[in-house]
Amino acid sequence: MTSILRSGLGSLAVVLAVLAAGPAAAEEGRVPTSVQEMKLSFASVVKRVAPAVVNVYAARVVENRHPLMDDPVFRRFFGGRPQEQVQRSLGSGVIVDPSGLVMTNNHVIENMDQVKVSLADKREFEAEIVLKDARSDLAVLRLKEVSEKFPAIPFGDSDALAVGDLVLAIGNPFGVGQTVTHGIVSAVARTQVGITDYQFFIQTDAAINPGNSGGALVDLSGKLIGINTAIFSRSGGSQGIGFAIPANMVRVVLASAQGGSSVVRRPWLGAKLQAVTAEISEAFGLKRPSGALVGTVVAKSPAERAGLRTGDLIVAIDGTEVDDPNAFDYRFAMKATGGQAQVGVLRSGREIRVAIPLETVPDGPRDARPIRSRSPFQGITAANLSPALAEELRLDVTLQGCAVVEVQENSTARGLGFRKGDVVIAINGEKIVTSRDLERVAGQQNRLWRITILREGKSLSVVFGG
């Protein structure tokens with residue numbers, strides 16, 4: 001059963017009027033005393049920012065091709081052509097540069113090759129994907145063949161937000177058209193959400209629904225403080241728990257695109273961090289569990305060269321306290337490369353400072369190879385792991401070996417369950433170290449395939465017939 005709830009701004013106007021009158025009036029619970037107070041509205045803010053909030057339509061054409069179509073004997077006797085199907089995605093976006101740069105969520109345009117942007121005035125433009133950043137779930141689009149200046153929303157400082165601040169969410173939920181909802185900031189550093197690599201979200205109770213992804217979260221001065229990205233819901237609709245990527249993270253991604261890069265260049269630490277439990281907190285003599293415990297340090301990494309050690313407890317970065325590993329990852333990722341970050345560390349009962357050089361993660365020859373031979377791997381593209389590729393695939397940067405970087409639709413490998421990010425460890429007892437190894441072994445004619453892969457930190461062994 002579906003119900004439509006209607007509500008006005010009357011109760012909110014009372015709240016705003018009481019707040020404006022000061023604490024004494026708030027304690028008395030004063031009611032509006034004038035027509036002007038009854039007419040308090042967000043309309044002036046919405047009028048300024050709504051033209052810069054857009055709808056994003058993405059699509060791609062997919063061939064429904066059975067793996068047997070690759071067999072010339074099968075095609076000769078059964079014929080047939082692969083059927084095409086169009087997959088579509090709908091979301092929202094925000095114009096952040098008058099030249100026509102649009103921010104949206106990566107998941108709105110992920111795997112899509114056709115993107116259109118519809119403005120609030122109903123004009124439509126083709127858009128190209130300038131940058132995709134799966135780690136933050138952000139993407140940058142550019143409107144094609146435009147020569148005019150577009151309305152853009154100025155950035156606010158998301159670090160200045162406080163719980164209880166009033167905010168507006170603007171987007172295109174369910175494809176019904178541009179919609180505005182209001183609420184308050186419920187949390188400013190929500191880290192246990194599990195949406196992106198950088199777990200540091202603004203939580204709001206403003207109504208956010210499917211289709212709002214990529215839309216604007218603005219403050220009452222009309223500044224962008226976040227990009228709406230996800231909701232917590234048991235029904236699929238808004239239940240008052242929405243999450244937005246902080247505007248300060250959005251700035252970092254946008255700056256990379258404006259600088260001409262197709263990827264976001266971030267500093268890397270080169271250490272695995274873990275949360276502080278009550279037992280660890282007691283061992284360090286802390287009043288409460290907080291900070292990020294250094295588990296392992298990667299050889300030759302910035303962390304090792306700076307002198308960070310296993311067992312160190314990171315408590316601050318450049319003077320800002322760190323509550324948990326997610327908070328540190330977010331703060332560290334916000335730093336521009338070059339220079340150093342001053343990290344506060346508890347070691348042997350005293351606090352010291354460690355200067356971490358801000359360097360990009362090193363890459364190496366990936367040697368990406370598409371596997372075309374008839375085998376369980378037919379349809380994948382394999383590449384040599386480097387720390388940079390491991391970060392892109394959200395893998396442990398200490399891993400070495402051969403990773404799956406692409407799996408073609410309707411391929412043999414896709415049908416057998418291979419995924420992007422799988423690391424092939426061994427085939428028929430032979431260790432796989434490089435993409436060249438995998439290509440060579442996959443070209444062999446085997447009646448049985450015993451394959452070991454690493455997926456999400458777990459080793460999996462499977463057996464397939466030849």
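D137 is buried (under 20% relative accessible area, with exposed meaning over 50% and partly exposed in between, for a 1.4 Å probe and protein chains only), at 7% relative accessibility. D137 sits in the loop between β5 (124–133) and β6 (138–143); helices (H or I, at least four residues) and strands (E, at least two) are DSSP runs numbered from the N terminus. The model is predicted: local features need pLDDT of at least 70, side-chain atom pairs count only at pLDDT 80 or more, and totals for chains, interfaces and linings use all residues. Residues are numbered from 1 along each chain as its sequence is written, and side-chain values use heavy atoms, with hydrogens and water left out.

**Annotated positions**

- UniProt, in an unreviewed entry, gives the feature "active site" for H107, D137 and S213. These positions are spread over 107 residues of sequence, yet they cluster in space, with a largest C-alpha distance of 10.3 Å.
- The UniProt feature "binding site", also from an unreviewed entry, covers H107, D137, G211, N212 and S213. UniProt positions follow the numbering used here, feature names are shortened, and annotations may be inferred rather than shown by experiment.
- H107 lies in helix α6 (residues 106–109) and counts as partly exposed, at 36% relative accessibility.
- The side chains of H107 and D137 make a polar contact of 2.8 Å. A polar contact is a pair of N or O atoms within 3.5 Å; within protein, one must be able to donate a hydrogen and the other to accept it, and residues adjacent in sequence count only if both atoms are side-chain atoms.
- Leaving aside neighbours within four places in sequence, H107 is in contact (heavy atoms within 4.5 Å) with S89, D137, S213 and T229.
- G211 is in the loop between β9 (201–204) and β10 (216–218) and is buried, at 11% relative accessible area. Not counting residues up to four places away in sequence, G211 touches L90, G91, S92, N172, P173 and F174.

**R266**

- R266 is placed in the loop between α7 (247–258) and β13 (271–275) and is buried, with a relative accessible area of 7%.
- The side chain of R266 forms a polar contact of 2.5 Å with the side chain of D133.
- Leaving aside neighbours within four places in sequence, the contacts of R266 include D133, R135, S136, Y198, M249 and E359.

**Nonpolar cores**

- A nonpolar core is a set of buried Ala, Val, Leu, Ile, Met, Phe, Trp, Tyr and Cys residues joined through side-chain atoms within 4.5 Å.
- The largest one has 56 residues, of which V56, M103, V117, L138, V140, I153 and L224 touch the most other members. Its largest share, seven residues, comes from α7.
- Apart from this core lies another, of 19 residues, among them I371, C402, V407 and F464.

**Helix α13**

- In α13 (residues 435–442), the residues S435, D437, L438, V441 and A442 are buried. Viewed down the helix axis, the buried residues fall within an arc of 155°, so they line one face of α13; the arc is that of the directions from the helix axis to the C-beta atoms.
- These buried residues pack against strands including β20 (380–384), β21 (402–407) and β24 (448–455).

**Confidence**

- The average pLDDT (the predictor's confidence in each residue, from 0 to 100) is 84, and 84% of the residues score at least 70.
- Over residues 1–28 the pLDDT is below 50, and this stretch has 22 contacts in the model beyond near neighbours in sequence.
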